[in-house]
Amino acid sequence: MDDCHGAPTATLPQPPAAGKQHIVAIVGPPNSGKSTLFNRLTGLRQKVANFPGVTVEHRMGRARLDHHREIYLVDLPGVYSLHPRTEDEKVTHDVLAGTMEGLPKPDAVILILDSTNLSRHLSLAAPILGLGLPTLVVLNMADDLHGRGGEVDPAELSKQLGTPVALISASRGSGIEKITEFLSGATLQQLPRPPLVELPVLQNVPKIRDWAANIGRRTKYRAPAPPVWTRRLDGVFLHPVTGLVVFLLVIIGVFQTIFAGARPLMDAVQAAIEASGRWIEATMPDSPLRSLIVDGIWSGVGSVIVFLPQILLLFLFIGILEDSGYLARAALIADRTMAKIGLQGKSFIPLLSAYACAVPAIMAARTIENKRDRTATILIAPFMTCSARLPVYTLVIAAFIPEKPLLGIFFGTRAAALLGLYVIGFLAAIVTARLLKSTVLKSTRAPFVLEMPPYRWPTVQSLALRLIDRSRVFLRRAGTVILAVSVVLWVLSNLPLENGKAPEIGNSYAGMVGHAVEPVIQPLGFNWKIGIGLITSLAAREVIVGTLGTLYGIEGTSESMNLQSALRHELTPGGAAALLVFFAFAMQCMSTLAVVRRETGGWTWPVIQFVYMTLFAYVFSFAANRLISLWF
Amino acid sequence: MQAVVNKQQSHAHGGARSLTALKRGESGTLDRIDLPEDDAQRLMELGFLPGHSITRAHSAPGGDPRVFQVDGSEVALRRETAVHLILR
Ligand SMILES: Nc1nc2c(ncn2[C@@H]2O[C@H](COP(=O)(O)OP(=O)(O)O)[C@@H](O)[C@H]2O)c(=O)[nH]1
Ligand SMILES: [Mg+2]
């Protein structure tokens, strides 16, 4: 696990030395168990990598064989054929052909097929065996096959295909030794010869399918009985009434977990960060270094790490939904509604998650295979009202909107204002989605297809690995980008020195920047102090609360009554409305930009997104300022 | 296969039965896919092969998209796609 961390820039965990290390690619259709097998073979010795120029991710990992030898494994995107039509297929095709930049041609292939659906999955064997690489055909889900009365003869299939065949259960771990054996062979150069089987000459789908059926017949493959439990569960989960109820319960569950359930954990992390900050403050002598560590690094990085529990809980939820097979049903149910804004069912969960935080939501968009839909989902996700906006909303609403009951005691003016902010964020997302989907991201007419996998128990190992993986990605960013920005911000607000001491914030470089942007933001009703807040909150939205606290010379934000009255002096009602609208629409979040860059494979989309959202925010804040100023 | 039929007509006038005509639990045999080559290939890879039997299963609460059992697995298609899959 240690060397996996390596240099953060490395795409692969140490490039395998030529002639010594061997690379074996794991290939198979979606849901055949590639990742389960990969996880079992590599454990924690793996990492996500991106090929240069493509957004499809793959995993690289090291599998330890006997005698202290290791082999590199690559988990490739699931495909049904090697026709390079989608980006996933292109990546798999290019890696196997050895034309993928940054990865040498694999020495061997593990082709993993779902044995419960062999007649269809065998179709992939034809193009893969046709490559002439040493190939082990793995028939996975042996437990499920036998449990449902199916039968397959791996020895006979091996004869027919002219290549070794192993019947295994990746999730239970039975039969794994046959794979280790094959891999040992691969490292020892005792590779099985490329098969001499007669492959279908014309590689078109019906021909290949006939070939596969033929092989299946000759090896006396008996397909298993239909999955009874899946049918039964679908009777409930896709029922017009109970299906909707379950769907709503799941949504409420996700929402509740990431919103309320994560609260105690986040508070605990927050408390730990604050306590350790105070401890450093107490142990170190008063110096600029202490200030840098406590006010700069600790509070900056800490304000981001606080989101870790939320992110982990969300990914635990998504992991369970995805591995169990329910996610596909949820996508099916949501599809009709999402189609109305030009998106599709799979965009639903990421967008829902964005109400907690856009960062995990954008990572969750990986489940959308259609690249344009995925990009559109990523681009609109930050419009959803994430939890980082709440501190700003709460502060400004409390300062400017008197509480009056609207609907009894449960719904007053302040709740209405908050709800209104949620609604405008949602509307902005819809408008943007429609705009994108009718122009640059217009869907190719590629039909929407959604496979409904059988329901399965998620494995603890797979869930745990997901969480570890997400934490690594997240913490690495907190430790690099966010650390750097926190330090820069601290330096800007503490220089130039006045009489050898940190300056009044108004005279600091940050203050100068605030004064410099004042003319630009004045039409919105903001002064230079708000300007500084807007700039510091580029790091993360809620940072503005702390910044304003510092600017108004208030110790700690707990004295929020004082901050509220300070704000009332500083802002007109129009300016306050503009501030709320600005935060509803503007892309004030570095972490989101960083993750968008990562997920879209370049700076183009994050830059467009930043400019678009900022302009959007500017225009509507301006309008809000003018409108409200007319009334008050 | 039959003579070339105008795609628009074939489903607009109901001259040929498409997948959308299948009732829940009903099966039919696929005749052809009236979609561009690439899309047809993709559907065929998922099991929508001419000559194979297709059974209509559940659907989303509004009735669209619908799930079809093909070739040992279940795949959901939107109505807009299903009308281009013509039954025998
Ligand atoms: N019953 C059973 N389920 C399995 C087995 N291998 C994987 N699964 C499950 O099949 C689902 C898909 O597996 P995954 O590894 O994500 O497939 P991938 O899409 O090919 O990476 C997951 O829910 C796994 O837990 C197996 O041998 N038996
Ligand atoms: Mg996988």
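**Chat about chain B and ligand 1**

Colleague: How many helices and strands are in chain B?
Modeller: Chain B has 3 helices and 5 strands. Keep in mind that this is a predicted model.

Colleague: OK, and what pattern does chain B follow along the sequence?
Modeller: Going along the sequence, you get α-β-α-β-β-β-α-β.

Colleague: What percentage of chain B counts as buried?
Modeller: Of its 88 residues, 58% count as buried. The accessible surface of chain B is about 3900 Å², and carbon and sulfur atoms make up 46% of that.

Colleague: What about contacts in chain B with a separation of 6 or more: what share comes from residues 24 or more positions apart?
Modeller: Those residues account for 57% of such contacts.

Colleague: Switching to ligand 1, which residues around it come nearest?
Modeller: There are 18 residues around ligand 1, and the nearest are A:Asn31, A:Lys34, A:Ser35, A:Thr36 and A:Asp323. By type, the shell splits into 5 nonpolar, 9 polar and 4 charged residues.

Colleague: Which helix gives the largest share of that shell?
Modeller: Helix 2 of chain A, residues 34-42, with 3 residues.

Colleague: How far is the side chain of A:Thr36 from an oxygen atom of ligand 1?
Modeller: An N or O atom in that side chain sits 2.5 Å from a ligand 1 oxygen. For A:Asn31, a backbone N or O atom is 2.8 Å from an oxygen of the ligand. A:Met141 has a polar backbone atom 3.5 Å from a ligand 1 oxygen.

Colleague: And how much of ligand 1 does the protein cover?
Modeller: Ligand 1 on its own has 580 Å² of accessible area, and the protein covers 87% of that.

Conventions. Residues numbered from 1 in each chain as written. Chains lettered and ligands numbered in written order. Predicted model: local features only at pLDDT ≥ 70, side-chain atom pairs only at ≥ 80, totals over all residues. Heavy atoms only, no water. Near = heavy atom within 4 Å. Polar contact = N/O pair within 3.5 Å; in protein donor to acceptor, adjacent residues only side chain to side chain. Areas by Shrake-Rupley, 256 points an atom, 1.4 Å probe, with all protein chains shown as cover. Helix = DSSP H or I, 4+ residues; strand = E, 2+ residues; numbered from the N terminus. Nonpolar A, V, L, I, M, F, W, Y, C, P; charged D, E, K, R; others polar. Buried < 20%, exposed > 50% of the residue type's maximum accessible area, 1.4 Å probe, protein only. Contact = heavy atoms within 4.5 Å.
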